[in-house]
Amino acid sequence: MAFEGLTERIQNAIHSLQRKGKITENDVKESMREIRLALLEADVNYGVVKDFIKTVRERAVGAEVLESLTPAQQIVKIVNEELVKVMGEKTVPLNKSAKIPTVIMMVGLQGAGKTTTAGKLALKLKNEQKARPLMIAADVYRPAAVDQLKILGEQIDVPVFEMGTDVDPVEIVRQGMAKAQEQKNDYVLIDTAGRLQIDEKLMDELAQIKELTHPDEILLTVDAMTGQNAVEVAKGFNDQLDVTGVVLTKLDGDTRGGAALSIRAVTGKPIKFIGQGEKLTDLDVFYPDRMASRILG
Ligand code: GDP
């Protein structure tokens, strides 16, 4: 289960505070040291941990906390509030264009869950907004991606525009956009090519698709299981493409929490959705406060 280790260690640190009647500055320091280690072990970005601990410590050693009747409880509250802040505080909704179609460009490395997430998101839009999305299959590099998107489209009854794998992806997108205009689709989801790692050719292609479509949303899919690597990937994509949001997938897996807690602070971009399973309904809006509660257990 996600966050198990982190939750247990934070709880231990907090329990040792709760066992004391009066809490001293030294006790706070001690428990902050434990929380710091817990966060680092959960693979949270080093700079994020440093800032987080500094803020919590400064707030926790304040007279109003230490001299209150329930200092340990106050400290739990501070930890909770700061966890929420690190993850962006508020839910950031999907951007929507004033004029149809709203264009959502899905980007990410191979295997992160980009194609699956495109299908999940199309289904969500359909169910929740009665939307009529069109998906464009522009991942011509991963051999099975076009077929995978077609199958997903059939499962959720959403049309897929594809031209096989021998056509330039920018051209596929151009024709797909024309199709969406013609059919008056209100959303277009573009499944772009992933690679094993960020490379110049990929970024060039994505930049061209961005320029062509002026997307309302560039959603980066990253795999939570890869921890700090996911954060590095997010930083790389964001530096080149200025993404608008992140989808953190595989949070149902054995993740330590590092990606969820670092991405917002490192990239400045919000996590908009989380993937919590392989089923097409396993996509949820990201709520920083709920995630903080889950981490605190
Ligand atoms: P892409 O290469 O980025 O398009 O990746 P895919 O969409 O093909 O996904 C790669 C694998 O991850 C597939 O087996 C998906 O079923 C799986 N996957 C995607 N999202 C999730 C998730 O939230 N949880 C779990 N457990 N698996 C996921």
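Analyst: A helix here is a DSSP run of H or I with at least four residues, a strand is a run of E with at least two, and both are numbered from the N terminus. Thr213 belongs to helix α9, which covers residues 200–213. The model is predicted, so local features need pLDDT of at least 70 and side-chain atom pairs count only at pLDDT 80 or more, while totals for chains, interfaces and linings use all residues. Residues are numbered from 1 along each chain as its sequence is written, and side-chain values use heavy atoms, with hydrogens and water left out.

User: How many helices and strands does the chain have?

Analyst: The chain has 12 helices and 8 strands. Its C-alpha atoms fill a box of roughly 70 × 35 × 30 Å along the principal axes.

User: Why is Thr213 called buried?

Analyst: Buried means under 20% relative accessible area, exposed means over 50%, and partly exposed is in between (1.4 Å probe, protein chains only). Thr213 has 7% relative accessibility, so Thr213 counts as buried. Across the chain, buried residues make up 53% of the 297 residues.

User: What does Thr213 touch, leaving out residues up to four places away in sequence?

Analyst: Thr213 touches Val103, Val173, Met177 and Ile190, where contact means heavy atoms within 4.5 Å. Among contacts in the chain between residues at least 6 apart in sequence, 76% join residues at least 24 apart.

User: What makes the pair Ile209 and Thr213 a polar contact?

Analyst: A polar contact is a pair of N or O atoms within 3.5 Å; within protein, one must be able to donate a hydrogen and the other to accept it, and residues adjacent in sequence count only if both atoms are side-chain atoms. The backbone oxygen of Ile209 lies 2.8 Å from a polar side-chain atom of Thr213, so the distance is within the 3.5 Å limit.

User: Is Thr117 buried or exposed, and how do you know?

Analyst: Thr117 sits in helix α6. At 2% relative accessibility, Thr117 counts as buried. Not counting residues up to four places away in sequence, Thr117 touches Met106, Thr221, Val247, Thr249 and Leu283. Val247 is 130 residues from Thr117 along the chain, and their C-alpha atoms are separated by 8.1 Å.

User: Where is Gln18, and is Gln18 buried or partly exposed?

Analyst: Gln18 is in helix α1, residues 4–18. A relative accessible area of 42% makes Gln18 partly exposed. The C-alpha atoms of Gln18 and Ile218, 200 residues apart along the chain, are separated by 45 Å.

User: Which residues come nearest to the ligand?

Analyst: Of the 18 residues around the ligand, Gly111, Thr115, Thr116, Asp252 and Glu278 come nearest. A residue is near a molecule or strand if one of its heavy atoms lies within 4 Å of it. Helix α6 (residues 114–129) gives the most to this shell, with 4 residues.

User: Why is Asp282 called buried?

Analyst: Asp282 has 15% relative accessibility, so Asp282 counts as buried. Asp282 lies in the loop between β7 (271–275) and β8 (283–285). Leaving aside neighbours within four places in sequence, Asp282 is in contact with Lys120, Ile274, Gly275, Gln276 and Gly277.

User: What makes the backbone at Asp242 and at Pro101 worth a note?

Analyst: Most residues other than glycine have a negative phi, and most peptide bonds are trans. Asp242 is not a glycine, yet has a positive phi of about 55°. Asp242 is in the loop between α10 (228–241) and β6 (245–249), and its relative accessible area of 47% makes it partly exposed. Asp43 is also not a glycine and has a positive phi near 70°. A cis peptide bond with omega of about -5° joins Ile100 and Pro101; Pro101 is in the loop between α5 (71–86) and β1 (102–108).
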